Every structure is written in structure tokens, then in C-alpha cells.
Amino acid sequence: MSSPSIPSPWLAQLSAAEVAFLGRVAVFAEREIAPHAAAWEEQEELPRAAFMKAGKLGLLGMTAPRAHGGQGFGYAAYALAIRELAKYQAAFAIDIAAHNALGSGHLLAAGSPAQHKRVLTRLLKGTWLAAWALTEPEAGSDSGGVQTTGTETRPGRWELNGFKRYITLGRTADVVIVMAVTGQTAEGRKEISAFLVNRSEIIPVRKVPTSGLRASDTAEFKLVNAKAELLGARGTGQATALACLDKGRIGVAAVSLGLARAALDAALHHAVNRRQFGKRLADFQALQFMLADCEVELRAAEALVLQATLLASKGERHTMESSVAKLYASEAASRICNRSLQVHGGYGYTRDIPVERYWRDARLSEIGEGSSEVQRIVISRALLKSTEATLASAR
Ligand SMILES: Cc1cc2nc3c(=O)[nH]c(=O)nc-3n(C[C@H](O)[C@H](O)[C@H](O)COP(=O)(O)OP(=O)(O)OC[C@H]3O[C@@H](n4cnc5c(N)ncnc54)[C@H](O)[C@@H]3O)c2cc1C
């Protein structure tokens, strides 16, 4: 059986069932994803059948409680599964992560028992896919900039109007969780609520041509008098969205770990096999140091992601830890993929091998689900708040 090559500090955190699951994920990734990764990248599309197979394996409901039909796994197992997929196809891994943490995650956190029964059970099995739509032309890093409106036309009946962009699975998902403005708060800010929208109400505009993750359906869509169900209490959409992003950032960081691992393995093999000046590339100290830096950064990234997963599994607040992990892992992965490309020379820049794809794919993790700058804002804000509180209590 294929081994998911679990980093040793993580092993102690996994149950026997999780280790067995990760073994099955490794086999799935090797047999069902790896052979098709280049073709899917070329076609800029992922077949629905791959998601159906992933669903049967439990990949679409990894951390959701078993009572809802999920697998009930911890976040360490979740991150390792996403990492395993990303080693072969980051586009597939990011779609699976977004479905788990954002689409299903938001529905799990805020949905009514009826919504759980009708929609969540299908999402966790993978018979339906979920997208999650916050971003718009005026709402990127600033989630408060949402302009899509939600109007209650009759008691309990809502209609949405607006435009969403850069939405993962935006044209393919069966249901979309949409954030929309439903009024004004007592403090004069926009009241943002979450809605559950069926695919039939979405007007697809286009698949956005992206640099990396080309097989992922990054889409724009319109909502014109789209019928929608309120998801959670009115006005709680933004707060629930931010809580989902704490989990989402673990998934993005895990994609970074997978890409960095694949890129470093490729660099090591190439350095040992390729000869120049009568020596192996691996014998040049300049390249040895690059490889050493990659290993150090990858281990540091793995440790930070593990730390965030442990808090998430315990149900403890992990906003800071997720931001730290996502910031470091994403930037480290970009550096590692860049060095791997350099170690490969001209070969690394060709599309004959996947290293240039890793390099393009890794870049998104520094932007999606909160850019590196946004992570630095989250981290520094938390640091300063606790310092101010310490100083105030000492006065
Ligand atoms: C492939 C892909 C998939 C995506 N999937 C989804 C999805 O499924 N659902 C969804 O809702 N969104 C999704 N997004 C959107 C993504 O989350 C946003 O692109 C991201 O949050 C950044 O927003 P923006 O692109 O509008 O950039 P902007 O907010 O315009 O930022 C531009 C630059 O300014 C910086 N910046 C902004 N504000 C500040 C500040 N206060 N201080 C310092 N620097 C700042 C940013 O860091 C960035 O470098 C996806 C995007 C991509 C590319």
C-alpha cells in the first residue's frame, strides 16, 4: 500500500483510523489523480467523477461530525490528506479544501437542522459540491466591501442581486454559500448575512484564466433576483465567514506543504541525477545549501501547520495560529518551488515536468483566503491587543 509519508511529529496526533484513511488517500492520489494531473491542467478542468470518487473515500466530509455523515477526523488528518492530494494536483486539493472548510464548514456552523438534512448530508458524501462566495470587485481583502444585496421580498423569502468573482467551484458547485448585504447595523456598518443558493439561481459569467491552479474552476457569476435561503441568523454572515476562514487557512497551508514537498523531492532527485562539469549537481555546495534551506523551511512550515491543527481539533480559538501557519507555509512553499525550478535549470522552466506548475500553483496561497499582508495584519493586531491589555492591567 502507498504510504502518505507522514512527518514524524504528526504521527503521534493521529488515531489508527486516521492513519488508515491517509493510506487510502495516498493510494487514491497515486492512482486516480497523479496519472491525470497534467491532462487536467491542460484541459483546465477537473472531472466530476474524480470528486465522486473522493466523496466515496470520505475526502469531502473529513472533519464534519459522524452524526451528520462526516468522518469526524481531526484537523491534523485533514491537513495531511490535503497535503497528499496537493503533491500531485494542487487544483484538486484546493477544491477539496474549499468544499470542506468553507462551503460545508459554513453550512455546518450556521445551517438549520432542515438545511443540514437536505444539503449537508449530500455535501459530506460528495454527491453535491459546495462553493463559498465572499469576494466581489469591491470586496477582496476588505470583506466589508460586499455590494451584493439580499432583500426579503416576503417573510422568509429572499432574493439576491450582485456579482461575485474568483469563486472556487463557482460554476460547478451544486450549492453556493453567498455573503450579501441585508441592511445596516446599529453602528452604521453594513449588515452582512449568509445565504444558501441553488446552482439553478446562479448565472455563470466565465471561468477566470488564472496563472496557476488552472484545472480549478475559479469563476465569476451574477445573481439576478436569485432565490436564496437565509443561512444562520440575519447579520451573522461576516462573523461566521471569518471563523470559517480560520479553518480554510489550514487547508491553504496544507496545499503549500504538498507543493513544497513535491518540489523539494523533484529537486533532490534532479540534483543527484544530473551531471555538469563532470560532477553531480548535488556535489555543488551552492545547490546543497539551497536544498538545506528548503528542508529547514519545510519542517518549520509543517510544525506551524501542525500547531494550528491541534487547536482546531480541540475546538479552541486558532485565528492567530492559522494565520501564522498560512503566512509562513505559503511564502516558504513559493521559495521552495522557486529554488526547485532553479535547481532544474532550463528543464525546470519547461512544461515537460511539473515543477513550473508547482511554482505557479504555490503563488495563489500567498493571496487566497487572506493575502500575506492580511495575515500580517491579523497577527500584529493580536500581538498589539494583548500587549496593550498587559500594560493596562499593570497600571
Ligand atoms: C484562484 C483563486 C481562488 C479563489 N477562491 C475564492 C473563493 O472560493 N471564495 C471567495 O470568496 N474568494 C476567493 N478568492 C478571492 C481571494 O480570497 C481574494 O483574491 C483575496 O482575498 C485578495 O483579495 P483581492 O484579490 O481583491 O485583492 P485586494 O484586496 O485588492 O488586494 C490587493 C493587494 O493589496 C494588499 N492589501 C489590501 N488591503 C491591504 C491592507 N489593509 N494593508 C496592506 N495591504 C493590503 C493585498 O495584500 C494585495 O497584495 C479566490 C482567488 C483566487 C485567485
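This is a predicted model: local features need pLDDT of at least 70, side-chain atom pairs count only at pLDDT 80 or more; totals for chains, interfaces and linings use all residues.

User: Why are α8 and α9 called roughly antiparallel?

Analyst: Helix α8 (residues 237-273) and helix α9 (residues 285-314) cross at roughly 155 degrees, with axes coming within 10 Å. Angles over 145 count as roughly antiparallel (under 35 is roughly parallel, 65 to 115 roughly perpendicular, the rest oblique). The two helices are therefore roughly antiparallel to each other.

User: What residues make the contact of α8 and α9?

Analyst: Among them are Ile250, Leu257 and Leu264 of α8, and Leu291, Leu298 and Val305 of α9. Being in contact means C-beta atoms, placed from the backbone, lie within 7 Å. By class, the contact of α8 with α9 has 17 nonpolar, two polar and four charged residues.

User: How do you know where the ligand lies?

Analyst: Domain 2 (130-236) and domain 3 (239-388) both give residues to the shell around the ligand, so the ligand lies between them. That shell has 22 residues, and the closest are Thr135, Gly140, Ser141, Ser371 and Glu373. A residue counts as near if its C-beta atom, placed from the backbone, lies within 6 Å.

User: What classes of residue does the shell have?

Analyst: Eleven nonpolar, nine polar and two charged.

Note on methods:
Residues are numbered from 1 along each chain as its sequence is written. Axes are lines fitted to C-alpha atoms, for helices over the stretch in contact, and angles run from 0 to 180 degrees between N-to-C directions. Helices (H or I, at least four residues) and strands (E, at least two) are DSSP runs, numbered from the N terminus. Two residues are in contact if their C-beta atoms, placed from the backbone, lie within 7 Å. Ala, Val, Leu, Ile, Met, Phe, Trp, Tyr, Cys and Pro count as nonpolar, Asp, Glu, Lys and Arg as charged, and the others, Gly among them, as polar. Domain bounds come from an automatic or database domain assignment.
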